[in-house]
Amino acid sequence: MFVCTAYGATASSSPLRPLQINRRDPGTSDVEIEILYCGVCHSDLHFARNEWQFTEYPAVPGHEIVGRVKRVGTLVNKYKPGDLVGVGCMVDSCRICPSCREGLEQYCNAGFAGQTYGGFEKVLQEPSKGGYAERIVVDQDFVLRIPDTLDPAAAAPLLCAGITLYSPLKHWGAGPGKKVGIIGLGGLGHMGVKLAHAMGAETALFTTSAGKAEDAKRLGASHVILSKDDAHMAAHAESFDLIIDTVSAAHDLAPYFNTLKREATMVQVGAPDRPLPFNVFPLLVKRRNFAGSIIGGIKETQEMLDFCGAHDIAADIELIRMDQINEAFERMLKSDVKFRFCIDMSTLKA
Ligand code: NAP
Ligand code: ZN
Ligand code: ZN
């Protein structure tokens with residue numbers, strides 16, 4: 001075991017601050033990574049503030065990690081010191097259940113113990129701690145390769161925001177001839193617009209922020225629909241093949257259902273802390289589907305990174321110092337970020 005500096009919360013109401021945390025010494029199949037950048041996901045905020053009510057303190061968020069391999073265990077054959085690598089939302093899974101065998105570790109039948117933070121570190125026998133830290137030690141099977149054509153800081157958000165949109169876009173068939181809507185232009189949503197566009201779909205953004213229209217078009221949206229404008233919503237009625245909802249707060253879903261074609265699907269990836277009550281009639285009358293999706297498996301995450309490398313896609317980031325994280329959380333709550341904060345982890349030591 002070794003000690004490293006991290007940044008985290010000690011209670012739901014306390015700001016994040018420097019902490020000392022334990023990491024396990026790299027085992028035979030482990031990779032020790034010096035963290036260079038970590039994206040700031042809205043889940044980090046939900047978790048640090050115990051909005052999902054399972055946080056154990058001290059809590060260290062961060063699951064959009066990019067870093068350099070420092071040390072590897074004796075049986076590691078996929079990575080070597082100096083490699084640029086990534087770690088997303090998972091650092092382990094049971095590996096033997098049907099979901100894991102299918103490469104769908106995010107749906108592991110044994111549950112969520114393998115989460116990067118908010119899970120359980122089996123070697124140290126303590127809650128797992130995330131990427132707002134100098135270093136992390138991860139089994140090589142949960143480490144991703146970052147394409148060297150991408151800027152490492154802008155690639156970090158791909159590890160959660162990127163895969164969370166890529167997986168349902170692929171699963172529900174986004175591509176040429178399909179009209180795809182993304183709800184919310186935050187960290188997840190802006191990756192959704194870029195990816196759906198790159199997959200060849202006719203892409204639309206639903207937004208509550210009129211001021212984001214120009215950016216959305218630059219990112220690949222052919223339509224920008226103001227979700228609070230009923231006439232604007234009505235103009236797109238029954239036209240979408242697929243909609244992905246990334247909104248982080250409680251909101252009414254029924255107006256979006258009405259924009260789906262018959263039998264089309266809306267997928268919830270946003271994870272508000274409160275239940276979403278909705279009127280079921282728009283689902284009934286057109287045999288529409290309402291589904292959920294969480295991140296993506298390790299194999300699919302590598303596929304997404306390679307797709308992004310080939311298409312030169314990464315996040316639009318605002319690089320921040322570690323000590324700006326509390327201010328960044330407040331700005332994220334006001335949708336005041338273009339479009340993902342990313343922490344320059346070299347500022348942690350300072
Ligand atoms: P974010 O950057 O804060 O973006 C959320 C966007 O939602 C905002 O930019 C805003 O877009 C819209 N929004 C916010 N409040 C709203 C409201 N009251 N009504 C309507 N729209 C609102 O957050 P994020 O990092 O993208 O994460 C979004 C959610 O996904 C979070 O709940 C997070 O925990 C969850 N998440 C889920 C997964 C998964 O695997 N399923 C993975 C990562 C994150 P506009 O200004 O354009 O309206
Ligand atoms: Zn996330
Ligand atoms: Zn499993």
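User: Which residues lie nearest the centre of the second largest pocket, and how many line it?

Analyst: R24, V91, D92, F120 and K122 lie nearest its centre, and 29 residues line it. This is a predicted model, where local features need pLDDT of at least 70, side-chain atom pairs need 80 or more, and totals for linings use all residues. Residues are numbered from 1 along each chain, chains are lettered from A and ligands numbered from 1 as written, and side-chain values use heavy atoms, without hydrogens or water.

User: What makes a residue count as lining?

Analyst: An atom within 4 Å of a pocket point, the pocket being an open set on a 1 Å grid over protein atoms alone where a 1.4 Å probe fits, with protein on both sides within 12 Å along at least five of seven lines. Here β8 (135-139) gives the largest share, four residues; β8 is a strand (a DSSP E run of at least two).

User: How do you know that H42 makes a polar contact with ligand 1?

Analyst: The cut-off is a pair of N or O atoms within 3.5 Å. An N or O atom in the H42 side chain is 2.7 Å from a ligand 1 oxygen, so the pair qualifies.

User: Which residues come nearest ligand 1?

Analyst: T207, T208, S209, K212 and R340, out of 29 around ligand 1 (a heavy atom within 4 Å).

User: Which helix gives that shell its largest share?

Analyst: α1 (42-48), with three residues; a helix is a DSSP H or I run of at least four.

Note on methods
A polar contact is a pair of N or O atoms within 3.5 Å; within protein, one must be able to donate a hydrogen and the other to accept it, and residues adjacent in sequence count only if both atoms are side-chain atoms.
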